[in-house]
Amino acid sequence: MSASIINESAINQSTGSREQPPPGLVGPLAWLRTNLFGSWVSTAVTLALLYIIVRVLFSFVEWAFVNAIWHVPYSATGIAQTAVCQDAKGTGACWAVIADKYRLILFGRFPYDEQWRPAIVVVLFVALFALSTIKAVWRKGIDSPIVRYIAMSGAGLILLDNAAGLLDTIVEVGFGVHLPLPFGLLLLLNTIGKCALVFGLLLLWPAIGVWIGTLAFIGILMFGGILGLTAVPVDYWGGLPITLILATFGLAFAFPLAVLVALGRRSTQLPAVKMLCVVYVELIRGVPLISVLFMASVMFPLFMPPGINVDKLLRAQIAVILFAAAYLAEVVRGGLQALPKGQSEAADAMGLSYWQKTGFIILPQALRLVIPPLVNTFIGFFKDTSLVLIIGLFDLLTMGKVALSDPPWQSFSTEVYIALAVIYIVFCYGMSRYSRGLERELNSARGR
Amino acid sequence: MPVTSADPRTMGARHAPKRRMRLAWSDPLFRSLVWQVVILGIVSAIGWYLVSNTNKNLAARHIATGFGFLDRVAGIPIGESLISYEPASDTYGRALWIGVLNTLKVAGIGIVLATILGTLIGIGRLSSNWLMAQLTGFYVEVIRDIPLLLQLLFWYTALQGLPAPKLSWRIGDAVFLSNRGIKVPYVVWENAHTWALVAFLIGVVGTFLWNRRARAKQEATGVRPAVWPAALGLLLALPLAVWAVLGAPTDVELPVLRGFNFQGGGTVSPEYFALLLGLVLYTAGYIAEIVRSGIQAVALGQWEAAGALGLRRGAILRHIVLPQALRVVIPPMTSQYLNLTKNSSLAVAIGYQDVVSIANTTLNQTGQAVEGIAVIMAVFLTISLSISLFMNWYNARIALVGR
């Protein structure tokens, strides 16, 4: 008898006629009571914050939208007449400065008619980032001997052309004559080789292929000079593409270097190399980026043999790479340290060589662990590229300042700075959301 | 036979027998030696190449190397400095030293303020008040997504947009806020103040010793003598008494508007204020996240167990939770302090004369690029290493004592 009663109540619970929580513990009112008006202190905080938020929000909306001025008339000579904006100063934003200057801020002094090229470059960068967040892209592609052969022979063709060019230069410097080589054919082979290499890599590791291919295409679009595009010297580049190039190329080149440095720092067999890596990492991490950039802009020309000038952007790019590599190396080292020692010992016991062990066992696991901090480091460097302003490179922030140096717009810096901040926030927030998503995924996978 | 020699633990780790290296590629020892020689050789060859190029270039430009320029008269006008400076007679060395002091001034105060603000925001993110948690979360997200340089430029222009001295915003007749910076009353420093400061420092040491005695007593008897009366007396009453005995001077110099600018009083320049504001607001966003994760890292069971032992909430926080949270917080906090110090070099963009800015002017005037950058790097390396050493010492002090 008693058994059947127990059974009955069990069935009642499982079929869903569970007792509801008492009224007043659920619903929006209860939520308000617990989260906003839980105690006297909480109520006071809520009311004070609400007051502040409403006031700030109202005055901001009034300034940025209600009283804002979106367009100004232009004089016959094309000079903006900003009297309306000057009158509205303090009560309304003058977004006309953005309407007037957005092409300059985004694309710098790139020839006006050719600005579709940096625009495509920006889109390509965003697409590249978006594509990289898809996991399937990072999977291994088709690994067959034929694909490897295509990639290798592509690399060989490129090397052939470069070697011939180098030989020719040496002979020219030494004897003053050109070698009778079929340079046209070699250039053609070089181009074929590049296509073959990208194609092969695309099949082998789709992600790396996509990255190399996209970055190469970005280079073509920016430089021009081939495929019927007008050549644009680096001095004319500017704006958002510079920011994206510095950050992305910086990371792409710093990452392999960082992995090597991290491995070197962990090495027990090579104490001299270990010391070298430690000194490099600690030296770079101990000084501000500004000093490394100064080094690139002031000291680098002294390092080069007389007569050789390296472009300013390239110098800054090298500085960013060297700087980023030290920080990335520490992130990678964190991943290497997080791996249990058994992995390495097991690989040793299987008779794998150092590079086999590192390439197949250690790095795949270690790097997976550190993707979220890597993305965070990348966000940091994306922001830090703005420092090139100080050495006079025309990145996004510098172009904002250049736009503000135009006399009619000089006093509307707030509007320009807000617009720039929005661009930075869009990029950084996107990346940080991705990093947080990854982190959650990683934690849930580990916490099984 | 003595027992100690039989105990393997007292003999130290036994080394593997030394093996002679074979001159063969199959010997790992030989391979590692070859690789190291090759890599070091490449690195030193590159280094030698760069140095020889530099020497050639410097010779071609007739620039003498070395730090002799430090003794030359600088002639750099410096707006604010903690020590006396005369552009017409003082040397580059002194100008650079002023830069170092200016860097330390902004970094030191910045670290303190950012820690306070960051901790408050971090606690705010864990608030049971939904609005508070959301608002602080929004702050952290936005402030960390905008480059610091952009924020600095924004604050600097905002400060320059303040009214002229004649129309300045004021608090009474004492504090004035204008585009020339913040003017505050300035206490006329006298001997009494110095001695009061000395008394305060003695009070700090005394409180520390008293606290140690109290703890020793507690461990011996289980009863903890009250510390706060002694602390209050030593830290507050003693300096006040010294100050009063020496005549209690209260002369205060107020800033007064004369013509187009203020006379007298202390000044916080717009450059310094913009830099400090930017650094503090930016770094506080990062510190808030560190504090939040630190508090969250302490398991709930710690709170509950301490409560079950009958500790009050304040005691739980002080003796159980915070010491454990601190352990998680210290290493990332150290790197934020280092970041703040290094970021203070952005001063050069808004015209605050820190060491980078003055070194930059120096190298432009003298052409001593290598030495100028070496000075910047040496200064920051020294500061970074000092902060790291101090924080490592502190970290080791509070670290979990393992078996």
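Reader: What makes A:Leu47 part of a helix?

Author: A:Leu47 lies in helix α3 of chain A. Helices are DSSP runs of H or I with at least four residues, strands are E runs of at least two, and both are numbered from the N terminus. The model is predicted: local features need pLDDT of at least 70, side-chain atom pairs count only at pLDDT 80 or more, and totals for chains, interfaces and linings use all residues. Residues are numbered from 1 along each chain as its sequence is written, chains are lettered from A and ligands numbered from 1 in the order written, and side-chain values use heavy atoms, without hydrogens and water.

Reader: What makes the nonpolar surface patch, and which element gives its largest share?

Author: The patch, of about 870 Å², is made by residues including A:Leu47, A:Leu50 and B:Trp130. Patch residues have over 30% relative accessible area (Shrake-Rupley method, 1.4 Å probe, only the protein chains shown counting as cover). They also have no salt bridge, and nonpolar side chains are joined within 5 Å, like charges within 9 Å. The largest share, four residues, comes from α3(A).

Reader: Why is the pair A:Glu345 and A:Lys341 called a salt bridge?

Author: The closest N and O atoms of A:Glu345 and A:Lys341 are 4.0 Å apart. A salt bridge requires a side-chain nitrogen of Lys or Arg within 4 Å of a carboxyl oxygen of Asp or Glu, so the pair qualifies. Both residues lie in helix α14 of chain A, four residues apart, about one turn of the helix. The structure holds nine salt bridges over all chains.

Reader: How many salt bridges cross the interface of chain B and chain A?

Author: The rule finds one there. B:Glu141 pairs with A:Arg436, the closest N and O atoms being 2.8 Å apart.

Reader: How do you know that chain B and chain A touch, and how much area do they bury?

Author: Contact means heavy atoms within 4.5 Å, and 48 residues of chain B are in contact with 53 residues of chain A. The two chains bury about 4,500 Å² between them, 75% of it on carbon and sulfur atoms. Buried area is the accessible area (1.4 Å probe) that two parts lose on being put together, summed over both. In chain B, B:Leu131, B:Asp145 and B:Leu150 lose the most area to chain A.
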